[in-house]
Amino acid sequence: MEAVVNVSGEAALCRHFVWLGVERTVEDLVLKPAYGLPRQADRPRWQHIDLINRDGFGIGWFAADGHAVTYRRTGPFEADPDFPAFAAEVRGTCVVGAARGASPGMPIEEAATAPFTNGKALLSLNGHLNVALATHLHDPSYVPESTCDAAFLAQLLWQRLDAGTALVAAVPDLVRDIAANDSNACLNLLATDGSVVVATTWGETLCYREAPEGVIVASEPHDYEPHWVTVPDRHLLIATPTGVKVTALDPVAAPALTDPV
């Protein structure tokens with residue numbers, strides 16, 4: 001692995017979301033909202049760093065057989081003439097979307113664009129980390145698909161899941177381990193296996209909104225409607241079709257592996 005070290009003060013930030021609930025099309029989730037992902041990519045309202053997110057975008061969902069699938073492109077949404085037709089056709093009960101703003105020096109390629117997948121789960125990072133400070137956590141038998149920091153982080157998560165750690169424990173433990181070695185890391189992770197959503201706030205923004213049809217978790221609201229709930233910094237969110245639980249992301253103690261609601 002050729003490790004890319006993020007040592008500049010300029011962070012790679014993104015906008016991302018996940019929907020978990022009744023089946024909806026990508027068009028409903030991305031193109032129809034008044035302030036959906038394409039607008040957030042150009043004019044993010046909540047993002048802490050003044051950076052647009054037009055270096056790539058991706059959609060992830062779960063096929064009928066439960067296999068995680070992704071559609072990723074470089075550049076902004078409007079640069080892909082095939083996206084509107086794709087968005088109208090593809091639907092799912094769990095859908096992840098991400099728009100990327102890359103750090104200087106990071107590769108601009110589809111393989112560096114979230115969401116990342118191991119076929120069983122999906123991961124998006126809104127933030128950055130110094131890869132050199134986390135190499136001791138990496139099993140060299142796992143090879144990241146890109147040299148960007150987010151792809152490296154994805155491999156750290158896959159190796160923990162493969163070792164038998166549940167997603168609800170693997171995500172917060174990974175954040176703690178990275179943060180313990182990299183005090184400048186920004187680690188807003190969003191991960192799902194199609195049945196549970198696990199998200200963290202560590203330096204960037206997150207919110208959610210529940211409805212009878214399901215829950216959406218996002219970097220920022222997708223519209224101007226009420227009932228969006230802001231997640232405080234350094235917190236863990238776990239969502240299932242039955243509800244959402246938000247707890248403090250204790251830097252030492254791991255959350256109990258119990259039903260989140």
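## Model confidence

Over residues 253-261 the pLDDT stays under 50, and the model has 17 contacts for this stretch beyond four places in sequence. Here pLDDT is the predictor's confidence in each residue, from 0 to 100, and contact means heavy atoms within 4.5 Å. The chain averages a pLDDT of 88, with 85% of the residues scoring at least 70. Residues 1-11 have a pLDDT below 50, and this stretch has 26 contacts in the model beyond near neighbours in sequence.

The model is predicted: local features need pLDDT of at least 70, side-chain atom pairs count only at pLDDT 80 or more, and totals for chains, interfaces and linings use all residues. Residues are numbered from 1 along each chain as its sequence is written, and side-chain values use heavy atoms, with hydrogens and water left out.

## Helices α4 and α5

Helix α4 (residues 149-162) and helix α5 (residues 167-181) have axes that come within 10 Å and cross at roughly 135°. Helices (H or I, at least four residues) and strands (E, at least two) are DSSP runs, numbered from the N terminus. The axes are lines fitted to C-alpha atoms, for helices over the stretch in contact, and angles run from 0 to 180 degrees between N-to-C directions. α4 and α5 are therefore oblique to each other, a class left after roughly parallel (under 35 degrees), roughly antiparallel (over 145) and roughly perpendicular (65 to 115).

From α4, Leu 153, Leu 156, Leu 157, Arg 160 and Leu 161 meet residues of α5, including Leu 167, Asp 173 and Ile 178. By class, this contact of α4 with α5 has nine nonpolar, no polar and three charged residues. Nonpolar covers Ala, Val, Leu, Ile, Met, Phe, Trp, Tyr, Cys and Pro; charged covers Asp, Glu, Lys and Arg; the others, Gly among them, are polar.

## Salt bridges

There are eight salt bridges in the structure, each a side-chain nitrogen of Lys or Arg within 4 Å of a carboxyl oxygen of Asp or Glu. One of them joins Arg 15 to Glu 204, with the closest N and O atoms 2.9 Å apart.

## Backbone features

The peptide bond from Ala 114 to Pro 115 is cis, with omega near 0°.
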